[in-house]
Amino acid sequence: MPQVKPIPMPGTLITQDPGDRIGETAEKMLKAGARYGLNDVVGGFHKGEYKCNKFVYDALKRSGIDAPVYPGGEWPYQAGVWGNPKFKIPGWTIVDLADAKRGDVVAQRRGYRDATGHVGIVVGSGQTLSAHNEGLGIDGYGFESDPKWTEPVVVSRYVGGRSAP
């Protein structure tokens, strides 16, 4: 019997690999000019607050992934949670940095006065898209060594779970 391909609804992404969906969504958000800089106000995050975790959360939700939140269901996990290799996030598994691929979440804990670390989404070989002070940008975060960052880089890959409603 021939395989029937699903017909995508307008505005939806249909790909077999969730990592590709996540990476594609993150890049579309960058190209669309999504605002996640330190001076932006985004979904409960105020001016002067870091929003790297909010960007990851929004990219996952827009990809159809049930993005993890703290109990109560309101606030996305902070970078320090993503960057904690001992914290088990349902539907996600930790992989080696050398095996990172498009759509993986890369994070690192750091004891900032006003943040728990940094988190972003892998969009290519050695490239991460994340929210910085000025807004979204692509760089080598997590793949390039920085002596200020002493905690290990943690790479998480979505392996399944329920889809976002």
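This is a predicted model: local features need pLDDT of at least 70, side-chain atom pairs count only at pLDDT 80 or more; totals for chains, interfaces and linings use all residues.

Tutor: Residues are numbered from 1 along each chain as its sequence is written, and side-chain values use heavy atoms, with hydrogens and water left out.

Student: Which residues have the most contacts inside the largest nonpolar core?

Tutor: In soluble globular proteins, nonpolar side chains tend to be buried together. A nonpolar core is a set of buried Ala, Val, Leu, Ile, Met, Phe, Trp, Tyr and Cys residues joined through side-chain atoms within 4.5 Å; buried means under 20% relative accessible area, exposed over 50%, and partly exposed in between, with a 1.4 Å probe and protein chains only. Here the largest core has 28 residues, and Phe55, Val56, Leu60, Trp82, Trp92 and Val119 have the most contacts inside it.

Student: Which elements supply this core with at least two residues each?

Tutor: They are helix 1 (18-31), helix 2 (52-62), helix 3 (79-82), strand 2, strand 3 (117-124) and strand 4. The largest share, six residues, comes from helix 2. Helices (H or I, at least four residues) and strands (E, at least two) are DSSP runs, numbered from the N terminus. There is also a second, separate core of six residues, including Val106, Tyr141, Trp149 and Val155.

Student: What does Trp82 touch?

Tutor: Contact means heavy atoms within 4.5 Å. Leaving aside residues up to four places away in sequence, Trp82 touches a set of residues, among them Val56, Leu60, Trp92 and Val119.

Student: Is Gln108 buried or exposed?

Tutor: Gln108, in strand 2 (residues 105-109), has a relative accessible area of 6% and is therefore buried. A polar atom of its side chain lies 2.6 Å from the backbone oxygen of Glu151. Beyond four places in sequence, the residues that Gln108 touches include Tyr141, Trp149 and Glu151.

Student: Where is Ala131, and what surrounds it?

Tutor: Ala131 belongs to strand 4 (residues 127-131) and is buried, because its relative accessible area is 6%. Its contacts, not counting residues up to four places away in sequence, are Tyr36, Lys51, Cys52, Phe55, His118 and Leu136. From Ala131 to Gly120 the C-alpha atoms are 7.3 Å apart, with the two residues 11 apart in sequence.

Student: How many salt bridges does a search of the whole structure find?

Tutor: Side chains of opposite charge can pair when their charged atoms come close. A salt bridge is a side-chain nitrogen of Lys or Arg within 4 Å of a carboxyl oxygen of Asp or Glu. The search finds eight. In one of them, the closest N and O atoms of Lys101 and Asp17 are 3.4 Å apart. Lys101 lies in the loop between strand 1 (92-95) and strand 2, and Asp17 in the segment before helix 1, so the pair ties together parts 84 residues apart in sequence.

Student: Which residues are linked with Arg102 in a network of salt bridges?

Tutor: Asp20 and Glu27 are linked with Arg102 in this network. The closest N and O atoms are 3.9 Å apart for Asp20 and Arg102. Asp20 lies in helix 1 and Arg102 in the loop between strand 1 and strand 2, so this pair joins parts 82 residues apart in sequence. Glu27 and Arg102 meet at 2.9 Å, N to O, and link parts of the chain 75 residues apart. Relative accessibility is 33% for Asp20, 24% for Arg102 and 22% for Glu27; Asp20 counts as partly exposed, as do Arg102 and Glu27.

Note on methods:
A polar contact is a pair of N or O atoms within 3.5 Å; within protein, one must be able to donate a hydrogen and the other to accept it, and residues adjacent in sequence count only if both atoms are side-chain atoms.
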